[in-house]
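Biologist: I have not seen this structure before. Please take me through it.

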Amino acid sequence: MTPPDPIIRLESVYTAYEGADRPTLTDVSLAIEKGEFVVIGGPNGAGKTTLLETINGMLPITHGMATVCGQDVRKNGVQVRCRVGYLLQSFAFDPLTPFTVEEVVLMGRFGTIGLFRKPKKEDYEAVQGALSLLGIEDLAARPIGKLSGGQQQKVLMAQNLARNPEVLLLDEPFSNLDMFAREEINRLLAGLVGDGVTVLIVSHAFDDLPERAVRVVVMQEGTIVVNRECSPGEVEQVVRNAGREALHA
Amino acid sequence: MLEFLIQNNIVCHAVEAMLFASIACAILSVIITQVQISSIGFTMAHAAFAGAAVGMFLSLNPTVCSIVAGIGVAFLIGPLSDKARLSPDTSLGLLFGICMAVAIFFIAYMQTLGRGFSTMGLLFGDVISLYREEIYLLVVICIVAVAFVLVLYKEITAIIFNKRIAESVGIRVKPVYYAMLFMIALTVSLCLPIIGGLLLYVWLVIPAAIALQFCNRLSSMFVVAPAVAAVVSVSGALIGLEYSLPVAPLTAIIFSVVFIVAVILSPRRRVTFRKT
Ligand SMILES: Nc1ncnc2c1ncn2[C@@H]1O[C@H](COP(=O)(O)OP(=O)(O)O)[C@@H](O)[C@H]1O
Ligand SMILES: [Mg+2]
């Protein structure tokens with residue numbers, strides 16, 4: 001039997017922001033199997049966010065080939081995004097934003113519900129499930145703008161869980177969370193990975209990683225400089241070493 | 001349509017026109033203020049104004065010309081920002097200036113040619129000399145605006161919430177966004193002859209601004225804004241015709257007064273002290 005195709009496959013991909021004269025990601029290749037837990041490290045401006053948005057097709061790929069969940073990202077970006085959750089980096093909503101927590105979480109399912117269709121019972125059930133996974137059922141009717149930064153981050157996490165994604169991209173999801181919330185989310189992520197969800201997480205905090213082999217990807221100046229499997233305890237060291245080598249190079 | 005309520009034919013037509021125009025504009029006002037594209041709405045309103053002035057000068061159909069100009073502007077904003085290396089804000093300011101220049105030039109020129117009377121309606125609106133067909137057209141645009149929001153409700157709300165998040169959950173943001181701009185151009189062009197190019201913008205912003213003072217939910221804004229706009233506009237038409245005051249400017253003033261009162265009465269700004 002041949003091994004299954006990787007769920008994420010990038011082959012010498014170049015990504016450029018609209019209007020930029022140089023690509024931000026240069027010659028990035030990456031293969032990730034279904035159910036892997038991937039930690040992405042690297043300094044600010046290294047291209048970590050750009051990498052995530054290349055994977056879900058939100059940024060234009062100028063060269064190379066990218067397939068995610070068996071779909072060509074360049075041709076079928078919308079289909080890819082229906083199956084790939086993405087928690088955006090640091091958000092703050094205006095206090096007057098006219099949306100409740102429940103409405104925001106339901107929004108996660110809008111892509112899969114599809115054009116001209118209304119949410120059904122199963123969609124509302126998924127919302128309730130996601131809220132209770134994060135322990136924020138009591139916030140359901142509150143306007144999102146009037147929550148704390150950490151609570152807002154949990155709501156956006158719930159929005160992504162309500163989608164039952166095959167791949168979950170998380171961009172610094174811990175930045176506003178207290179240590180209990182971090183542990184809780186890490187436990188949740190470990191559970192998801194156990195269920196076969198592929199998780200890619202950009203982070204600068206490497207404690208409480210799930211007790212399983214993880215893949216570390218370190219980025220620098222728009223390329224991947226380290227890509228290897230290791231135990232959760234080694235992640236911090238790998239990222240540090242990569243940073244030190246860059247300093248002395 | 002409302003003859004059974006209002007005997008006078010002129011008053012009846014004026015009320016109908018204001019009613020349907022205000023409902024269509026108010027629905028779009030919620031989108032315009034919440035997606036924060038008021039400068040686009042502003043520029044499109046003036047493009048439609050310029051289009052109508054040129055159309056009138058060339059004896060073409062002014063409504064068709066203003067639709068073309070409004071949509072033209074919607075599709076110019078993006079490329080103009082890229083090519084001329086201007087921020088969208090600057091390119092909108094630029095387009096607004098150009099539209100105003102074109103509109104004022106042709107209106108002034110028509111006045112020197114002795115065709116000034118027909119241009120007054122373009123500037124300040126005209127509810128007296130309406131054709132039956134124009135009112136039917138307003139009914140149609142009103143229904144289209146309601147249907148637009150109902151059919152694309154998920155997509156519109158997600159874009160209002162956050163464009164990037166909307167895109168990340170698999171919504172086709174660009175087509176829906178351009179559909180919004182298209183709806184604005186269409187509505188603005190059809191309402192222009194009634195409300196006038198100088199005041200149209202009031203109808204595209206104030207209804208939502210009033211609704212925002214009382215609503216916590218987007219869904220209620222989509223109901224409150226048109227309701228308030230309908231009441232204000234119909235009152236404006238009735239009072240204006242009764243006392244021979246200019247209808248659209250009078251209505252714009254009533255809108256402003258209602259807005260100020262709404263801000264003062266707004267429960268959303270009031271600080272309440274409660275222990276529970
Ligand atoms: N919207 C943008 N337009 C142009 N360049 C951008 C944009 N966002 C980020 N960049 C550039 O891309 C590079 C990588 O950014 P990013 O992926 O956000 O870094 P990281 O997430 O690793 O901190 C940065 O050098 C930045 O200057
Ligand atoms: Mg980043």
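Biologist: How many salt bridges are there between chain A and chain B?
Modeller: This is a predicted model, where local features need pLDDT of at least 70, side-chain atom pairs count only at pLDDT 80 or more, and totals for chains, interfaces and linings use all residues. Residues are numbered from 1 along each chain as written, chains are lettered from A and ligands numbered from 1 in the order written, and side-chain values use heavy atoms, without hydrogens and water. A salt bridge here is a side-chain nitrogen of Lys or Arg within 4 Å of a carboxyl oxygen of Asp or Glu. Between chain A and chain B the count is three.

Biologist: Which side chain does Arg164(B) meet in a salt bridge?
Modeller: The N to O distance of this pair is 2.9 Å. The partner of Arg164(B) is Glu53(A).

Biologist: How many residues of chain B are in contact with chain A?
Modeller: Contact means heavy atoms within 4.5 Å. Chain A brings 32 residues to the interface, and chain B brings 22.

Biologist: Which residues of chain A lose the most area to chain B?
Modeller: The two chains bury about 2,500 Å² between them, 61% of it on carbon and sulfur atoms. Buried area is the accessible area (1.4 Å probe) that two parts lose on being put together, summed over both. Together, 22% of what the chain A side buries comes from Leu96(A), Pro98(A) and Phe110(A).

Biologist: Which residue has a polar side-chain atom 2.7 Å from an oxygen atom of ligand 1?
Modeller: A backbone N or O atom of Gly45(A) also lies 2.7 Å from a ligand 1 oxygen, but that is a backbone atom. In the side chain of Thr50(A), an N or O atom is 2.5 Å from an oxygen of ligand 1. The residue asked for is Thr49(A).

Biologist: How much of the accessible area of ligand 1 does the protein cover?
Modeller: Accessible areas come from the Shrake-Rupley method with a 1.4 Å probe. On its own, ligand 1 has 560 Å², and the protein covers 57%.

Technical notes
Polar contact = N/O pair within 3.5 Å; in protein donor to acceptor, adjacent residues only side chain to side chain.
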